[in-house]
Number of protein chains: 2
Amino acid sequence: MQFRIDNASGRPVYQQIMDQIKRDIAMGRLIKNEKLPTVRQLAGQIAINPNTIAKAYRQLEQQGIIVTKAGAGAFVANLDSSLSRSVRKKLISEELERIAVDAYHMQIDRQTLLEWFDNAVVKFNLPSKKG
Amino acid sequence: MQFRIDNASGRPVYQQIMDQIKRDIAMGRLIKNEKLPTVRQLAGQIAINPNTIAKAYRQLEQQGIIVTKAGAGAFVANLDSSLSRSVRKKLISEELERIAVDAYHMQIDRQTLLEWFDNAVVKFNLPSKKG
DNA sequence: TATTTGTACTATTTCAACTATTACAAATAT
DNA sequence: ATATTTGTAATAGTTGAAATAGTACAAATA
């Protein structure tokens with residue numbers, strides 16, 4: 001598994017780890033029950049402290065995205081969003097609105113933004129309705 | 001002008017200020033050349049340090065969203081995105097992809113996400129093509 | 001039974017965010 | 001002119017998250 005950490009991005013390393021694992025799962029590069037790198041492996045590979053990886057795994061588990069077993073390792077969990085629809089809508093819509101504001105100030109027209117949106121969404125395996 | 005600061009959100013206060021000003025402009029609540037609250041006014045109203053407001057204004061000016069004149073105040077600037085199209089596309093697309101990943105893990109289907117996207121975009125005055 | 005694995009804990013360092021205060025130059029009002 | 005208001009700059013200090021360093025422990029595995 002390949003990781004790319006950008007120390008100049010301002011984004012905390014443990015969040016970059018989380019981002020990339022979530023992204024790989026969403027793109028189908030990591031599948032259900034697949035084993036993730038061990039905490040110590042990944043810490044060695046990226047050359048950072050094991051605690052930072054542990055923090056990322058801890059939060060991913062809390063979000064229900066991976067399952068960890070002491071002694072065995074960390075594994076991709078089943079999809080199971082325990083958040084209510086209203087909470088999910090609120091979280092996603094806030095982000096979407098922030099993007100719309102940025103698009104306004106960058107003078108991006110509606111059609112172009114929709115095009116970029118489609119390009120982004122098509123990369124991931126979102127279910128279709130009733131799917 | 002009304003401001004709402006959430007100290008528990010984890011988002012820095014100066015960014016919350018920026019968010020709300022950018023949002024108000026994008027929604028047409030603040031129009032070109034309109035005067036913003038003074039640094040000291042706003043600091044008093046929100047009960048935070050003037051430096052924090054100054055930081056927000058400084059960055060908004062750097063982004064070309066407002067214009068400031070010492071002695072006069074801060075004003076809404078003309079729309080003028082100096083960023084290249086490729087840079088704008090990269091910035092926006094990265095955010096859109098992050099949302100798509102989150103939507104995947106929340107098991108949000110394509111149609112629903114598009115619907116939420118439309119709801120978000122319609123709130124702001126994005127130009128139409130050639131507009 | 002020895003090793004590997006995730007977890008927990010404490011201590012320390014680093015840095016961004018924020019506060020507090022003072023000072024200054026440009027714009028404005030009188 | 002001159003006093004006031006404005007954004008800006010600078011210094012110093014506080015707070016909290018992020019990350020490092022090291023040790024220890026219990027569960028799973030070989």
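Me: How far apart do the C-alpha centres of domain 1 of chain A and domain 2 of chain A lie?
Reply: The C-alpha centres of these two domains are 28 Å apart. This is a predicted model, in which local features need pLDDT of at least 70 and side-chain atom pairs count only at pLDDT 80 or more, while totals for chains, interfaces and linings use all residues. Side-chain values use heavy atoms, with hydrogens and water left out; residues are numbered from 1 along each chain as its sequence is written, and chains are lettered from A and ligands numbered from 1 in the order in which they are written.

Me: What makes domain 1 and domain 2 of chain A domains?
Reply: Domain bounds come from an automatic or database domain assignment. For chain A that assignment gives 13–76 as domain 1 and 85–121 as domain 2.

Me: Which pattern does chain A follow along the sequence?
Reply: The order is α-α-α-β-β-α-α, from five helices and two strands. Helices (H or I, at least four residues) and strands (E, at least two) are DSSP runs, numbered from the N terminus.

Me: Why is Lys22(B) with Asp102(A) called a salt bridge?
Reply: The rule asks for a side-chain nitrogen of Lys or Arg within 4 Å of a carboxyl oxygen of Asp or Glu. In this pair the closest N and O atoms are 3.0 Å apart, so the pair qualifies. Across the interface of chain A and chain B the rule finds seven salt bridges.

Me: What else is found between chain A and chain B?
Reply: There are 17 residue pairs in polar contact, both residues at pLDDT 80 or more. A polar contact is a pair of N or O atoms within 3.5 Å; within protein, one must be able to donate a hydrogen and the other to accept it, and residues adjacent in sequence count only if both atoms are side-chain atoms.

Me: How many residues of chain A are in contact with chain B?
Reply: 50 residues of chain A touch 50 of chain B, contact meaning heavy atoms within 4.5 Å. The two chains bury about 5400 Å², 68% of it on carbon and sulfur atoms. Buried area is the accessible area (1.4 Å probe) that two parts lose on being put together, summed over both.

Me: How many residues surround DNA strand D?
Reply: There are 23, Asn51(A) and Thr52(A) being among the closest. A residue is near a strand if one of its heavy atoms lies within 4 Å of it. Helix 3 of chain A gives the largest share of this surface, three residues.
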